[in-house]
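Q: I have a new model open and would like to learn how to read it. Could you walk me through it?

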Amino acid sequence: MAVATLAHEPDQLYVETRELRIQGFLLFMVSDLVLFSSFIFAYLYMRNSGQGWPAGGPKLDIALAALNSIVLFGSGATMHFALENWKHRNFSKFANWIVMTIILGAGFLSGQVMEYIHIGARWSDGIFGASFYTLTGMHGLHVFAGIIYLTVLLLQALQGKYTFTKYTGLTLGTLYWHFVDVIWVVLFSIFYLL
Amino acid sequence: MAAITASVNAGGGLADHIHPEPQGFFRKYVFSIDHKIIGIQYMITAFLFMILGGMLAELIRVQLMKASGGIMTPDTYNEVYSVHGSTMVWLVIIPLLTGGFGNLIFPVQIGARDVAFPWLNMLSFWLFPPAGLMLYASFLMGAPTAGWTEYPPMSLQGAAGTSMWAAAIFLIGVSSTMTGINFLVTILKMRAPGMTFTRMPLFVWGQFVTAPLLMIATTALGAALAALFVQRQFGVAFFDPTRGGSPLLWQHMFWFYSHPAVYIMILPAFGIISEVLPTFSRKPIFGYKMIAFSSCAIAILGFMVWAHHMFTSGLAPALQLPFMVLTMLIAIPTGIKIFSWVATLWGGVIRMTTSMMFALGFLATFTLGGITGVFLAAVPFDLHVHGTYFIVAHLHYVLVGGSLMGVLAGLFYWYPKMTGRLMNEKLGHWAFWLFFIGFNGTFLPMHWLGIWGQPRRVAVYDPQFQGWNQVASWFSFVMTAALVLVLFNALWSIRRGKKSGPNPWNARTLEWQIPSPMPYYNFKHVPSVFAAPYDFAEPLPYKGLEEELKGGPPPVPAAH
């Protein structure tokens with residue numbers, strides 16, 4: 001950041017900039033949550049209005065989705081371990097865990113693609129297709145963006161952009177990844193369990 | 001909140017850091033990260049779009065001079081009023097009040113040197129002109145024809161330009177969301193030492209309450225726009241009742257945004273009025289806390305009343321009553337503000353500057369618009385005037401008589417802070433009277449036209465309404481002349497205006513304690529604040545500003 005400081009301890013500036021960035025990121029997640037909530041609201045509204053809903057409920061493969069969910073939640077755990085290892089100044093373990101996270105994220109995405117093929121419904125097939133593909137698709141895009149995000153973070157860490165005391169970018173990446181996990185909990189509940 | 005203030009008070013850190021001043025024309029004026037330059041960029045762009053939107057408005061008025069229409073086919077007329085509405089809401093009023101005046105003034109008023117994320121701020125601005133151009137480019141492929149609200153199924157049948165419209169407004173929404181996040185973090189974290197929430201100038205309160213609306217409501221609109229876009233382009237069934245969708249879904253999603261957006265368009269204007277009135281009556285503002293807290297009440301209630309736009313769309317009767325009562329409740333905090341402003345004027349030493357005149361004009365016309373709003377909240381009355389010119393009259397009284405008057409008051413008030421010169425007062429007085437007469441002459445007759453039953457959004461109408469429509473059209477030319485005069489005044493005063501000095505109005509808030517135009521780093525010494533502004537009998541409520549108006553560079557030159 002192209003910022004010059006006036007004399008005082010540089011760490012004070014770092015601490016406050018870190019607070020700013022985390023708060024800004026939390027607010028970004030709030031607005032992202034509103035985006036998902038709008039479609040979730042639309043789905044529940046349409047579903048309760050009852051028209052055009054597949055009789056007897058849509059044919060979703062709960063087993064595959066559950067397996068896929070475990071993969072995604074697992075990636076949340078590995079991301080947690082990655083950040084913890086960074087905090088404990090263990091670079092190689094950090095790198096291993098974050099690579100693991102990326103692989104699990106990619107695994108989740110391929111599971112989602114398999115499911116899309118498996119269902120056989122199309123995006124334009126009534127309100128179920130509209131809500132299901134829009135919401136899970138949006139979530140998939142978030143996972144995809146997250147994979148790129150984490151890869152960039154890993155490359156930056158390899159280049160030495162973060163130190164063991166200054167690593168706001170890594171914190172934000174972890175927050176993002178957990179956020180994507182939490183969204184999935186909601187989506188899984190409303191599509192597969194409700 | 002205490003913890004946040006404490007971290008700023010701890011000294012050092014953000015309160016003391018400054019950006020190095022950029023070199024070269026592009027970094028200074030085009031891709032600037034300075035909040036003041038970005039604010040001015042927003043204003044210039046929004047005023048350019050206002051000229052375009054105003055020309056469309058005049059086309060509408062020329063068309064309606066004759067009951068049989070005349071200059072446009074009904075299809076073209078549909079395109080013209082749809083783009084006029086979209087322009088004025090998303091490309092003029094919102095950018096002027098938040099991106100424009102917000103960026104320009106509020107960081108200085110809280111004693112910050114910039115917003116929290118300057119680069120994000122630059123990105124927010126640079127999404128806005130391309131989005132506006134996209135909206136106008138839609139004319140080439142068949143512009144949207146279903147009004148600025150674009151209800152399906154009409155919007156689904158519109159030409160390709162409707163998808164373009166959705167994409168353009170989505171971009172504006174992304175820009176607004178980023179601005180909202182930026183402003184919120186700035187106000188929460190970057191206030192100068194001692195600038196507690198109850199010492200913030202009321203314009204900052206206006207921005208503080210607007211920021212979450214920008215951030216949350218706009219995202220919901222984004223969802224609606226995305227749904228419209230995918231239905232149009234990929235046949236996804238969101239709004240198609242034959243496949244389980246519902247056109248009502250759009251109305252829920254759209255108004256869940258667009259009703260709060262009404263407050264995005266008025267709360268910052270309330271802030272401007274709350275600055276102008278005490279300054280030109282030389283009196284502390286009456287009921288500071290009530291004005292601040294009523295803004296919060298308006299913002300919260302604003303999210304709970306969207307369905308009052310749907311009274312005629314087939315909303316369940318059991319839902320109509322609560323939405324009606326909640327909507328009427330908004331009149332209470334708004335009334336509190338009006339009474340506080342009038343009480344501020346009471347016994348004050350009033351100076352009739354142009355800015356003050358626009359503020360007083362705001363009080364008169366906005367109150368009238370607010371009262372017709374209470375009428376419309378009543379379901380039976382709404383059923384009668386729905387889709388008539390009464391609605392047009394109401395919304396223009398609020399958006400032009402309210403928001404735009406607030407913008408003009410702010411323009412005359414803060415112009416010296418942008419240019420170091422005052423705008424011409426004599427021309428300003430002329431502009432005000434022309435505007436006030438033209439505005440009321442245009443929109444007042446629409447109230448009774450609506451009650452008599454002239455439908456809105458229709459290119460031809462019953463000849464019995466022609467007389468008052470001609471009155472409205474002639475007065476609309478007067479109003480346009482007034483705005484042209486303001487624009488001329490602003491351009492003329494850049495070079496020829498009277499030099500203002502730092503504080504031409506003897507105002508009390510922080511932006512007036514530094515030179516005009518405001519220097520790059522805002523403050524050489526970040527002030528510490530020990531009292532609320534607006535108390536004109538007391539000494540200034542800031543410490544550490546003694547050096548601001550003397551010459552010389554900022555204390556520490558910029559490194560790397």
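This is a predicted model: local features need pLDDT of at least 70, side-chain atom pairs count only at pLDDT 80 or more; totals for chains, interfaces and linings use all residues.

Q: Let us start with the fold. How many helices and strands are there in chain B?
A: Chain B has 18 helices and 2 strands. Its radius of gyration is 23 Å, close to the 24 Å that the globule rule gives for 560 residues, so chain B is as compact as a globular protein of that length. The C-alpha trace spans about 65 × 50 × 50 Å along the principal axes.

Q: What share of the residues of chain B count as buried, and what share of contacts comes from residues 24 or more positions apart?
A: Buried residues make up 63% of the 560 in chain B. Among contacts with a separation of 6 or more, 81% are between residues 24 or more positions apart.

Q: Now the pockets. How does one look for empty space?
A: Rolling a probe the size of a water molecule over the atoms shows where empty space is left. Here, the second largest pocket holds about 1,200 Å³.

Q: Which residues lie nearest the centre of the second largest pocket, and which helix gives the largest share of its lining?
A: H308(B), H309(B), L376(B), I391(B) and H394(B) lie nearest the centre, out of 45 lining residues. The largest share, 9 residues, comes from α14(B). Helices that each supply at least two lining residues include α4 (74–109), α9 (247–264) and α16 (389–419) of chain B. By class, the lining has 26 nonpolar, 16 polar and 3 charged residues.

Q: α13 of chain B also supplies lining residues. Why does its length agree with what a helix should span?
A: The idea is to count 1.5 Å a residue: the 15 residues of α13(B) should span 21 Å, and the end C-alpha atoms are 21 Å apart, so the two agree.

Q: What do the buried residues of α13(B) pack against?
A: They pack against α10 (267–281), α11 (288–302), α12 and α14 of chain B. Among these buried residues are P333(B), I338(B), W341(B) and L345(B), as well as K337(B). After α13(B) comes G347(B), with a positive phi near 75°.

Technical notes:
Residues are numbered from 1 along each chain as its sequence is written. Chains are lettered from A and ligands numbered from 1 in the order in which they are written. Side-chain values use heavy atoms; hydrogens and water are left out. On a 1 Å grid over the protein atoms alone, a cavity is a set of points where a 1.4 Å probe fits but cannot get out, and a pocket is an open set with protein on both sides within 12 Å along at least five of seven lines; lining residues have an atom within 4 Å of a point. Grid points are joined across faces, edges and corners, and a volume is the space filled by probe spheres set on the points. Helices (H or I, at least four residues) and strands (E, at least two) are DSSP runs, numbered from the N terminus. Ala, Val, Leu, Ile, Met, Phe, Trp, Tyr, Cys and Pro count as nonpolar, Asp, Glu, Lys and Arg as charged, and the others, Gly among them, as polar. The expected span of a helix is 1.5 Å times one less than its number of residues. Buried means under 20% relative accessible area, exposed over 50%, partly exposed in between (1.4 Å probe, protein chains only). Contact means heavy atoms within 4.5 Å. The radius of gyration is taken over C-alpha atoms; the globule rule is 2.2 Å times the number of residues to the power 0.38.
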